[in-house]
Amino acid sequence: MPFAPKPHSALLIVGHGSTENPDSSTPYFEHADEIRRRSLFAEVHCCFWKEEPSMREALYMIDSDEVYVVPDFISEGYFTQDVIPRELGLTGPTSTVRGKTLHYCLPVGVHPHMTDLILRRAKEVARDIDPSQTTLIITGHGTGLNQNSTKAIRDQVDHIIAAGAGYAAVRDAYMEEQPFIAGWDELSPTPNVIVVPFFISDGLHSYQDIPVLLGIEPEVGPAASQREVFRHNPHHLRGKTLYYSSAIGTERLIADLILDQISDFDQARKAR
Amino acid sequence: MSIALELRNLIRSGIHRIGELELQMDVYGYPYVLCHHEVAGLATKPSFGGLDLHEDPAAARDLSTHAGDGTYRFAKGQTNLKRGWVMALENEEDLRQAVDQFYPASVGVFLAFRDGTLEIENLRDKLNRQTGMYRFARTISDAGAQRLVREVCGPAHQCARRILWRIDENTPLEDSEASRYRGIIGGLPENEAIPLLCREACNHFVAECRKVAKQEFEKKEA
């Protein structure tokens, strides 16, 4: 269903950002540009935890009285459940902060349509290979601190299997917890392997750390904007053919998921 | 009144500078033109004096991400903005969007400061909210933090912002070039520039606090 324009509301996209990696915030600005081009909101802004503007500064740059806040995060977790509400002063799904009404939507990564984007990305990165001879691995950070980040990936694995996409195997794997992405070849019973990083940006983890864990790179290299690793697919490693995609959040269609989360929020609000 | 119209009125009243940006009106049919203040003379010449012309305010992000020598500008208040470009814009909404990409939230923060509604966040509050590896930053001593302001902030260290915060409510910043800085580049009077305001310590400063806190801890342990 097409998104009903909100000409009197603002959209605030919240991202993590980085003080060290210039590529970290690129997808957020691209998603904002994409939505701005469609003229659906009175204004579209981004704010960050580790870049400027900070979440605490964000409301100073917004004119509209009604603001939809969408975390451009891959999963529910510490940031979406603790940090963002605290920084923006949110008290529930809808809050009044400094005279403005803020609607807090779910993070983009948990929207059901995310599965379609992963499958699309997997097809793009390995166009001509037979899914029945291929393992699809969704990889994330993984942390003992919060189970939600791994849950989001496990959910995607379940959705992809249920969607009947034809892959011989679909697996989850993590940087810092089992099953480890470093053992991708042992996780894959097929000659072909596609790895899709479940991150918003091609920052430190997906562009610099994971290629080392996969064996594509001997050591952590420079930031993505200075190199072209993804164009070197496929990689012939450990007796298999490996296709490594860019982070799922760099997909322009994430802009649609942001709008989907807003539509879902409004539906849920009507039902409340 | 919208922030864009406030900005328009400020420019009409004689404001022409924010950070390193020079803001000009009515140049070759464009209502608003902005560029690095050091090449402002070129911007009014035919063909904008050979400066690279940008008409999309979204280009401000690319123009402000790296310095002229290619280094990442990790803080937007850094005084190493690229030269060689000019941005010509159709209306004050585009101008506002561009300025907010060069100096995020700067106009809105200034308007709130002017109107007495800006909430300022002292350093201890900022450090106490840090997570993960930055959590340790909160252990920095007051003396260490005061020294860092002198060594990290202010125009001598490539930051153009006027610091509004204190260490905590009862501990103002010690007098220094950094703590005295007005947030206006080029010594312009206050009626000609929007100052860049620092309402909370930036993440670069937080990262530096963490380094000093670790050094202080290691010294104590030794």
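Predicted model: local features only at pLDDT ≥ 70, side-chain atom pairs only at ≥ 80, totals over all residues.
Let us begin with the layout of chain A. Its residues are divided into two domains: domain 1 covers 6-109 + 251-271, and domain 2 covers 113-249. Between the C-alpha centres of domain 1 of chain A and domain 2 of chain A there are 27 Å. Each domain brings 21 residues to the contact between domain 1 of chain A and domain 2 of chain A. If you look at the domain 1 side of that contact, the elements giving two or more residues are α1 (26-37) and α8 (254-271) of chain A.

Now for the strands of chain A. Strands in a sheet pair through backbone hydrogen bonds, and they do so either parallel or antiparallel. Chain A has an open sheet of five strands with mixed pairing, and its order is β2-β1-β3-β5-β4. The edge positions are taken by β2 (41-48) and β4 (94-97) of chain A; each has a single partner strand, so one side of each is left without a neighbour in the sheet. On average, neighbouring strands of this sheet are turned by 25° against each other, direction ignored.

Next, pick out one pair within the sheet. Strand β1 (residues 6-15) of chain A runs parallel to strand β3 (residues 66-71) of chain A, and six bridges join them. A:Ile13, for example, has A:Val70 in β3(A) as its bridge partner.

α1(A) lies across β1 and β2 of chain A, at about 180° to β2(A). Helix α3 (residues 78-88) of chain A lies across β1, β3, β4 and β5 (100-104) of chain A, and runs at about 150° to β3(A).

Over in chain B, follow the strands through two hairpins. Strand β1 (residues 17-18) of chain B runs antiparallel to strand β2 (residues 21-27) of chain B, and two bridges join them. One bridge pairs B:Arg17 with B:Glu22 in β2(B). This hairpin has two residues between the strands, and B:Gly19 takes a positive phi near 55° in it. From there, β2(B) pairs in the antiparallel sense with strand β3 (residues 30-36) of chain B over six bridges. Here B:Glu22 turns up again, with B:Cys35 in β3(B) as its bridge partner. The hairpin of β2(B) and β3(B) also has two residues between the strands, and B:Tyr28 takes a positive phi near 45°.

Two packed helices are described by the angle between their axes and the distance between the axes. For helix α1 (residues 3-12) of chain B and helix α5 (residues 106-114) of chain B, the angle is about 75° and the axes are 10 Å apart. That makes α1(B) roughly perpendicular to α5(B). The contact brings B:Ile3, B:Glu6 and B:Leu7 of α1(B) to B:Val107, B:Gly108 and B:Leu111 of α5(B). The residues of this contact divide into four nonpolar, one polar and one charged.

Notes
Residues numbered from 1 in each chain as written. Chains lettered and ligands numbered in written order. Axes fitted to C-alpha atoms, helices over the stretch in contact; angles between N-to-C directions. Helix = DSSP H or I, 4+ residues; strand = E, 2+ residues; numbered from the N terminus. Parallel < 35°, antiparallel > 145°, perpendicular 65-115°, else oblique. Contact = placed C-beta atoms within 7 Å. Nonpolar A, V, L, I, M, F, W, Y, C, P; charged D, E, K, R; others polar. Domains from an automatic or database assignment. Pairing = 2+ DSSP bridges.
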